[in-house]
Structures are given as structure tokens and as C-alpha cells.
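Q: Hi! I've got a structure open and would like to talk it through, piece by piece. Can you help me find my way around?

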Amino acid sequence: MADPSASTAPTPAIRLRDIVKSFGPVQANRGAELEVARGEIHALVGENGAGKSTLMRVLAGMYAPNSGQMAVNGRDVTGWSTADAIAAGVGMVHQHFMLVPTLTVAENVVLGSELTRGPVLDRAAAERAVRELSERTGLVVPPHALVRELSVGQAQRVEILKTLYRGAKILVLDEPTAVLSPPEVQELWTVLRALRDQGDTIVLITHKLDEVIDISETITVMRAGRTVARMPTAGTTPQAIARAMVGRDVALALDADYAGVPAVQQLGAVPALLEVRELSVSSAAGHPVVRNVEFSIAPGEILGIAGVEGNGQTELIEAIAGLRAATGTIALGGRDLMPLDVRRRGDAGLSHIPEDRHERALVLDYSVAENLVLGQQHRFTRGAALDTGRILAHARALITHYDIRPPDAALPARALSGGNQQKIVVAREMSRDFKVLLAAQPTRGVDVGAIEFIHARLREARDQGKAVLLVSADLAEVLALSDRVAVMYGGRIVALLPRSDASPETLGPYMTGAERAA
Amino acid sequence: MSTTDPTIARVGGDTPTPAAASAVSDRASRRASIEEAVLPPLVALLLAAVVGDVLILSFGQSPGAVYRLLVDGTWGNAYGFGQVLYKATTLVFTGLAVALGLRAGLFNIGAESQLAAGGFCAAIVGLLLPVGIPSLLCLPIYILAAALGGGVVGAVPGVLKARFGAHEVIVTIMLNFIVLALLNYLTSTRLHVPDTLHTAEIGSGVLPRVSDVVPSFQGSAANATILLALLAMIALWWFLFRTRRGFELRAVGLQPHAAEYAGVHVGSVTWRALSISGAIAGIGGLNYVLGYKHYYEEGFATGAGFLGIAVALVGRSHPIGIGLAALLFATLSQGGLAVNALVPKQMVDVLQAVVILAVATSVPEVRRLLRGARRSAER
Amino acid sequence: MRKLLLLVAALLVAHVALLFIHPAGAAAPPAGHTIDVGVVFDLGGRGDKSFNDGAYLGAERAEKALGVQVRFIEPGEGSDRESGLRLLAAEGMDLVIGVGFIFTDDLTQLAREYPNTKFAGVDYSVATDPSGKVVPPPANLAALKFREEQGSYLVGALAALVGKSKKVGFVGGMDSPLIQKFEMGYRAGVKQVCPDCIVLSQYAGVTPEAFRNPGKGKEIALSQYQQGVNVIFHASGSTGLGVFEAARQTNKLAIGVDADQYSEAPGYVLSSMVKGVDNAVYDAIRKVKDGQFRGGIYQYGLAESGVGYVYDKNNERLIPPVVHARLEQLRQEIVAGRIVVPSTR
């Protein structure tokens, strides 16, 4: 790569040189470089496990590097502490929100650096401070609202406000768009651009290449712990970035055109494999969260549900899977699923990739092999005991077939990267004998290579005549995979369109509730 | 640092690169996990020992002399060792009972009343059984009675939790009071031998003492229930780590949402786990009733339930750890008697408390320490 | 991991170093004493201000007055009772004492196993065979028993004479034969001096917990005082502290038990029915020293000054001389055998 120091006349905001960071025998960073100019939006891209987050944690003082130099605004800060980093204006916005749900926005923002009047928290002052900050940055959130009542997008704004409140001038955002709808992403871009125009420096960790092109000015690409490329955004293409990330050509979901109606469906009127009628679900508090939802999916069809998160998609999927009480009818190949419990629905031919990988889809302390039979443990028994031999053989086959890394069946799932954890889930759910697949956010937080792989598996299932219900907050994903597209808003299906009629432009208004259709 | 830590992903997100992580040898990770399992309790024990030293000095005694007396009175002679075994036997049962609950994510505070109920039911059955039935025939009946007694007491909080969401900690604590009061009432109003707090002696099927086989154990209460305890340890290990039900139970304890997703009925696991937990504690009652005194006596279970919690925590809810922890606490308890001439009984109570506190807090504490150590080692 | 190993090493070094400290006067080897005595208390017994502490006082007095060496053991759980006795017996103690009727079985067994050691049991409960005949304890075991009914008889008479309201109260701990003995003696004493008096009698419960429930004691006592009772006799362990509290609150009188409980509520404790556990224990030790120890059943009644009531400068103003004279007269008659006090219902 080109030597970055030659090209920079003014002092860069961040300069990391030859950073090595290992955890025991695992080398997360092996000579990583990063140089970010003051007042720019810089994208740090790379596959999961490439060492991006580690490098940023080194920058934020959470880890001390084994070797290498770190400079912030020209000052040598090698091996500083988190407190030093905060004092120097380096703030990190984490992928997983670190907010207290029962406190208000203002309280969360000032938490840890509270404004007090005597021993009492000065609420009014806190709210005033938050409001001022909101106005200055365009990050508008009601200061007195409870965090648990906020949407994901709003919660993220609170995270950013919190960081800014502590005086951050260099902002690191770790995968900020993973949980946002397209309009929310656009709003975030507006905010980030405003911050940049005020002179703040922004580093964005992401996998989404269209976003990189959209927002950044400079791109640094990491692979396997090393920095492999640094380029100005102007003049590069998603393909070029992807090539640098994985070291080979990949088919990108965002530009893979919809592949057309598959052969199976063209044969004519086939009875639906999954049929949902008048399905309603209430929240624990008794509010309706899914209202009278109806749809059916034919064999060999992918029905994609688009929509901003929190509009009933989660509840819809969980109701079909049997994890949530519901009224209405759900039939799989003509068989009524309502009286069946989770296990029997699975046995009846329902596969389910849940959206929450860490809470639902995996038992993180269980081994890869054990996780590969989770939900089907009753099929891997010999008398009362688990048949460890068969479980292990099953695991070896799937690890090879789905390229799960590291290929060690005894490792706890916790020790794997997000992408490989998701591969465990996909491998498990696609390897069972199923007719209908529920895929909720199947590629969330997963790197480009794994996304490509998972999409291929979903298409494969479709081509084998299975019915697939896909829920994704990523509109590009829904459009790339679905044969028909539905939009959920406020617990209802507000639009159900053939793929040919669906586009970000036609769907957008439905997603924000601006338009309603039958 | 030559070892690896499986918790990296927790702190590092997507840090380990697949290629690098696959280079981790099995042996290194196993050694790391053994060190992680052994070192914290060792630190806790040594810490307790040092606190004990200071306490002993504050009583004007020599720590060396007191510890020597403690060891002489426990592992130093057959009788003392027998008493340690006897006490450990009860603690293994209550420890396993608590551990089973913990594995399912439940905190069973009621082992004491479950133990008492098990012993009580065994004693009642013993009074009803005609004299002269061969022991081998009686034993299954006794085990069943004790398991049933403890199991019913355990099932109550289980069902209340599964059906109504009542917190098992509160219910088991309340049940301790209710059950013990009920048993004492029944004993002292209907079943007791005049001028005593115990029932009449059981006629048939009492278990042989260790001293029947090894005469040098003469006088010690250690009896064949030890074998039942060993059996219970093996059975629980097999159940937890080798069976489907155990797999599902642990999943409920680790991640209830994932267990639910895997088709496990969390509610039924809850009440089953607490019932079995109670049954295990109940069988522990045989140690006193069938192996030692041959009658139910009020208060025989006193303290064994709470010590069982300590045993389960110190033993990390693993049957082998529980066996070792039970021996430790039994040694402290018997050793407390042996050194009673030099230091007050309360000193041993304090020692016990220090061990419990040190080990219980060492779990997250040591984790943090490990992380700090790793960081400073690499600096 | 390395830091942890260092910590292990540091603690180990500290511990080993401390092991070698010998404070001056630590565990001085016993020298010049005549005999060894071991005492095992009941679970949580020490500090009860009556029974176990009485045994402690007696043994301590013997240590000073007779030059004997005494070792005390406090058990931690049920099986420690036997274990404690056994440890002492195995060490070759001359006399081993168990404090409390709960030691009965263990003492009997150990007395058989160690025929050359002498044993004594405070409140040892003597068994009867099916025909009702008393089964004597082993020859090396002394059962130290008390005629609580005789002392209770006297405080019953005291309560009726001082109370003057034709109603007297009794608060028992756990409803059991042992406490019923107190109640029966008390009732008989009341009837003796006031045939038309009513005894309001209540127990705090049916479990040993009833001996540790001051709240319940206060509740019962308040209700009895409310019904016109002026004096209450309690035989209920620390539950009685609630009775004293009620007496203080309503400005009435209570009678203590086992030891002189005047200091619990000065001015409100009319007297106490005392049990001479200290004397009995001292006696047993003295007999061993003098070589006069015999096994068997020792009854400590009024005649032996094993039970009695408190009459001293603290409470003499509460007890009119004529009442005191009457009590002394009754005592004479019991000692002389002219009055036989019932002990069962």
C-alpha cells in the first residue's frame, strides 16, 4: 500500500502505525495502519474478524497494543487509557447500546458526568443541556422520554448524543446502520455530515458498501488483521472495495438483480405451503402488535417483509414459530399449526432463523456441535442420553459444508465471530427436513462473504420448492431475494406487491406509514 | 501468555480471526479452563486461611497449633475422618440439590426443609414397615419415601413459579418455615418418644456403618449413605451433561429464550428441576435417619441447607466440585469441634463465611483480574 | 493467570509465615491440675442466661475452687453432640457432661462404650420400660434431674398471694411434658393457697421455636394482663423476655425461670423459679474429685436446694413478710413429704 504519511501535510486527527494486538495465540491486529484526516468521514471496512473493532478499541484505550504507535492530533498516545481517550475527545458509539432503559434520554446522556445541584441530579439543567446539544447537531430526541420507549434509531441518537456530551471531537461509530431503516439511515447521514462540517472527525465501521460510497470521503480496508488498502472514496466502486476486503471477486447482494420467478412457481396453481389468516398478536401489556395479518407463500417462493423494525415483524415470526401466543390460523401444507408447540411445528417442517442470534438462536456457552443440534436434540438421542457420536459427526459434516471457522466442533459458540455464529444457525436450520423457512434478519451483523453465502442458501431453498418468509430491515436485501414484497407498519401488512412493482421509491412511503393500501 | 481464553469474543466482539483461532490447540485451551476452574477456589481457600491465622492470633493462640489440631481431629484419625465423611455425605446431597437448581437458573433456598421432609418420610415409612424385612428390600422403599418427601416440598415452589411466576427464592424460604414447623408439630405432638424430640427407632433396613467394615472407624457416624451420595454425584453428572433432558435443563439456565426456541417448555423444566432438586435433598435425609440415629429428630437438618448453597457455589455446580467442597466444609465443621478448646466455635463459622464469600465473589472478580493480568503482561 | 499465580504464592507465604507465630501464653500445657472435665453445651446454648450458662458457671467455679481443668465444646449441628462427647471421652477426660435432655441417647451409648469414664447429663431423661419401671442409667452415668414442679409450686402460691385478683397467668414455651411439669406444679401451688383462683395458661407453640419468640410471649402476656391477671409465671426461654416487656408496659408483675431474671425488668420481676444447674454441675465435679462419684439418678428438689425461688434484697419489697413466711412453711411441708406436688397432667 501507499505510504500515507507522504501525502499528508496537516497533522492527521488519528494516525495508527503498525498496530499489533493479540489475545493469547490469536492475533487480531498484525500490523494495522489507520490515518484519518481532521474533519473527514472515514470508513473502516473489512470482513468480520478482520480486526476493525479491535483496532478501534485500541484507539479508544480499551486495549493496549502489543506494539505499534498511536498518535491523536499529532500527540503520541500509545497505550493510553479509556479515561485519557475521553479526555482527549475520542468517543466510541458501540454497536450494542449501553443505555439504561428505565431512565430518560437526558438522564442517560448525562450519566457518569451528571449535573448536580448539591447531592440532587439537576434534571432541568440536564434536559436543557441535551436540548442545546440536539439543536446544535440535529440529533433530535425528546429529552424527557424514557429510553425504553424509543425506537432503535432514536436510541442510537441518544448513544451519539452521550458521546458528544462528553466532548468527543473524534467519533467512532461501530456498525451504526445495522439496526436502522432507510429513512433513518438518511437522517444519520445528515447528522454525521453536519458534525463533520463543524470540524468533527468521524470513523465509521461498516460492512455495507453502498453506505461507504454514500457517506465517506476516505476508505481504509482491513483483512485478517492487516490494513490492505486505503483509498479516496471518489473514484472507487463497491466491487473494488469488496475485492480488497475478501481478496477475490464476490457477488454483491446490492447489485445482484432479482433472479426472476423460479420454474416451480410457473407450473401453475400450486397450493400454498404457508398460509396465515387473521393472525393477531398482543404484547405482554395487552396492546395489539400484530393485527389481522394474512398472506400465503407458495412452494418455491420467497416472501420478503420490509419495514422499519418494531412494526410487528418480530412478533409475527415468533407467533408462526410457536414462541408467542396468537389468534387466527397458521397452516403449513394444509396442516393446522396452531395447536402445536415449538418442537412439533419444527417436526411438521418449519425451520426458523431467529433475528436475535445471541439470545435465541444460540446457547453461547454450548459448543458448536451442540448448537448445531439445538432444537433437534430429541432427534439425536440414544435412550435418554444424547448420542454424542452422531452429534459430532453431524457437526463435522456441517462445519465442512458451511465452512464454519474455526472448524472446531468443541469450541463454545461464544468464541466464534458473528458471521460464523450465524453460519451455525443457518447450517442447522437449512440442514433439517423442512418445508417452510422463517428467516428473520438472516444477515444482520454479518460480513460480505457470509452475506453472499447466506443469500445463496436462501435462493437454493427457494429453488428446491420450499417456502421462505424473509424479514429484513435491509431493504436492499428484501429486494434482492424476494419474489413478492410485503411492508409491515403498525402491526399490519400495508402493502403486498409483486417484486416487479417494488422499489425503494414505491415502498418507502409505506414503510414510514405515509400511505396505506389494502 | 501461552494460554487462550474462550471469553475473548465476549470482550473483543469479532476479534479472533478464524485462521488464528483455529491454530489454538485443544490442549492449551483445556489447560486454561482447568486453571480457571482451580485457581480461584485456591485463592479463596488461602485467603480464608490467612484470615483464620489473624483471627487465631487475635485469640492469643498459635495458628500452627490450631491448624495442626484441626487436621489431627479430622483427617488425622479414623474417627475424625469418619465424621468428615458423614457430614460431607449430607452436604453432597444438599449441594447437588442446590446445584441442579442453579444449572436450571433457579435458586433453591429450601434444601433444609426438603432434607428434613425426606428424613421425616423415611422415618415414618420405617415405623410402618414390619420388623425383619431384609435391608436390600427396604432400601428402595426408603429412598423412594425420602425422595418423595423432599420432592413434594421442592415441587411446590416449582409449580408456583411455572404457573404463576412466583419467585422461587421467596417461596422456598417461606416453605422452610412452614415445613419445619409442620414436621416439628407432627413429631412433638404425635410421634415422639416421651421426653425427647425424636420418633421411635426404625425396626428394619437400617444402613451399615463404615465401622462395621473398618473397625477403626468405631464410633463415627459414617455409613453406607456415602455410597448413595457417590451414586447421586455420578447420576447427576450423567443427567446434566449426557442426557437430552440435562441438555435442555442447562439451556434453560443459560439462555431461557434460546431454550424456548429449541422447543423446551421452560415452565415444565422449572417445576421438574425443583422437584428433582427437592428429591435429591430429601434422599440426603437417609444419612441421619437410616444411617446414624435411626429415627427422625427435630432439627437434624439445621444448617445443612444453607451450607448446601455454599457447597454448590464453591463447587461451581459441578458434581466433582461439589464432592470436594462438601469435604472442605465437613472438615471445617468437624475441625471446629476439635479446636473448640483453643478458639471459640464462632471462629470456624467466620472461616466458613470467608471461604464462601471469597469463592462466590471470585467468579466475576477473578475474571476481571485475569483480563487485567493479560493486559499488563502484554504491555 | 500469572497474576493469579503470584497471588496464590503471596497468600501461601503469608499463611506459612503466620503459622510459625507463637503468641506468649498460647495453649499452655495444663499442669498441676487434678482431674479433667469436659462439658458439651446444646446447639446455640451458650449465652442463654439460664440453663447452659448455669452449667458453665458451675464448671468455672469448680475450676477455680477445685483446681480441675475444664474444656467446653459448642456443637455446630445435631451430630456434633455425640461427636463432642466422644472427642472428650476419647481424650481420657475423667468426667464428661452433656447439658440438656437432648443428650440422653448419646450419653447412654457413650457411657457403655467408655465404662472407665464418668458421665453426667443435666436434665437427662430417664427411660421407662413398657411395664412402667424405671430403666436405670449405666453405672458410670449420673442423671442430674430437677424437680421443677416443686419450685413452680412455690411461685404458684406466691403468684396467687401477691396477685390478689383471683386470676394468675402462666406462659409456657413449647407445649411438651417438660414444660407441663412447670405448669402442673404452678397450678397446684395456686390451688393450695387460693382454691377459687383461675389459672390462665397458654403456650407459645409446639416447636422448639416457641422458646425463642419474645413477640409471641408479649402478645400472650398482654392479653392475660388485660383479662385481670396481675402476675404471670413464664417457663419459655427467651420468649419470656416478651412477658417481662408486657409486665413493664402494663405495670404488672412477672416471675422468671431457671435463673434469677430480676435484671431483665427490675421492679417488675416478682421472683424467679431457679434451677440450680450450677450447683448440680459443681457437685458432680466435686464428687469425681473426691472419688465419691456414683452413677444413678440424682433428683434436685427443694430438699437438695436444686430448685427454689429468689428472695433477696432486690425483690423483698415486692413480697410481704407474711407471704414469705407462708412460702417457707410450704417449702418445709414439701421437704418433709407432707405435700406431694404433681408433675403430670
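Q: Let's start in chain C. How do β6(C) and strand β7 of chain C pair, and over how many bridges?
A: Strand β7 covers residues 198–205 of chain C, and β6(C) pairs with it in the parallel sense over seven bridges. Keep in mind that this is a predicted model.

Q: Got it. Which residue is the bridge partner of C:Phe170 in β7(C)?
A: C:Phe170 has C:Ser201 as its bridge partner there.

Q: Is strand β6 of chain C mostly covered or open?
A: Mostly covered: β6(C) spans residues 167–174, and eight of its eight residues are buried.

Q: What about β6(C) and strand β8 of chain C: in which sense do they pair?
A: In the parallel sense, over four bridges, with β8(C) being residues 231–235. For a pair to look at, find C:Val171, which stands opposite C:His234 in β8(C).

Q: What order do the strands take in the open sheet with mixed pairing?
A: Six strands of chain C form that sheet, in the order β7-β6-β8-β9-β10-β12.

Q: Which strands stand at the edges, and why is one side of each left without a neighbour?
A: Those are β7 and β12 (307–309) of chain C; each has a single partner strand, so one side of each has no neighbour in the sheet. On average, neighbouring strands of this sheet are turned by 15 degrees against each other, direction ignored.

Q: How do β9 and β10 of chain C run where they join?
A: They run parallel, and five bridges join strand β9 (residues 253–258) to strand β10 (residues 269–275) of chain C. C:Asp258 stands opposite C:Val274 in β10(C).

Q: What holds paired strands together, in general?
A: Strands of a sheet pair through backbone hydrogen bonds, in either a parallel or an antiparallel way.

Q: Now the open sheet with parallel pairing in chain C. What is the strand order there?
A: The order is β2-β1-β3-β4-β5-β11, six strands in chain C. Its edge strands are β2 (69–73) and β11 (296–300) of chain C, each pairing on one side only. Neighbouring strands of this sheet are turned by 20 degrees against each other on average, direction ignored.

Q: How many bridges join β5 of chain C to β11(C)?
A: Five bridges, and the two strands run parallel, with β5(C) covering residues 141–146. Within that pair, C:Ala142 stands opposite C:Gly296 in β11(C).

Q: Which strands does helix α4 of chain C lie across?
A: Helix α4 (residues 104–113) lies across β3 (95–99), β4 (118–122) and β5 of chain C, and runs at about 170 degrees to β4(C).

Q: Zooming out, how is chain C divided into domains?
A: Domain 1 is 36–146, and domain 2 is 149–274 + 311–335. Taken over C-alpha atoms, the centres of domain 1 and domain 2 of chain C are 29 Å apart.

Q: Where is C:Asp290 found?
A: C:Asp290 is in helix α9 (residues 277–290) of chain C.

Q: And is C:Asp290 buried or exposed, and why?
A: C:Asp290 is exposed, because it has 9 other C-beta atoms within 10 Å, and 12 or fewer counts as exposed.

Q: Changing topic: which chains have the most contacts with each other?
A: Of the two pairs of chains that touch, chains A and B have the most contacts. Chain A and chain C do not touch, and their nearest C-alpha atoms are 11 Å apart.

Q: How many residues are in contact between chain B and chain C?
A: 51 residues of chain B are in contact with 43 residues of chain C. On the side of chain B that touches chain C, α3(B) gives the largest share, ten residues.

Q: Last stop, chain A. How many helices and strands does it have?
A: Chain A has 18 helices and 24 strands. Buried residues make up 52% of its 518 residues.

Q: At what angle do helix α15 and helix α16 of chain A pack?
A: At about 10 degrees, with the axes of α15 (residues 418–431) and α16 (residues 448–463) of chain A 10 Å apart. That makes α15(A) roughly parallel to α16(A).

Methods:
Residues are numbered from 1 along each chain as its sequence is written. Chains are lettered from A and ligands numbered from 1 in the order in which they are written. This is a predicted model: local features need pLDDT of at least 70, side-chain atom pairs count only at pLDDT 80 or more; totals for chains, interfaces and linings use all residues. Domain bounds come from an automatic or database domain assignment. A residue is buried if 20 or more other C-beta atoms lie within 10 Å of its own, exposed if 12 or fewer, and partly exposed in between; C-beta atoms are placed from the backbone. Two strands pair if DSSP finds at least two bridges between them. Two residues are in contact if their C-beta atoms, placed from the backbone, lie within 7 Å. Axes are lines fitted to C-alpha atoms, for helices over the stretch in contact, and angles run from 0 to 180 degrees between N-to-C directions. Angles under 35 degrees count as roughly parallel, over 145 as roughly antiparallel, 65 to 115 as roughly perpendicular and the rest as oblique.
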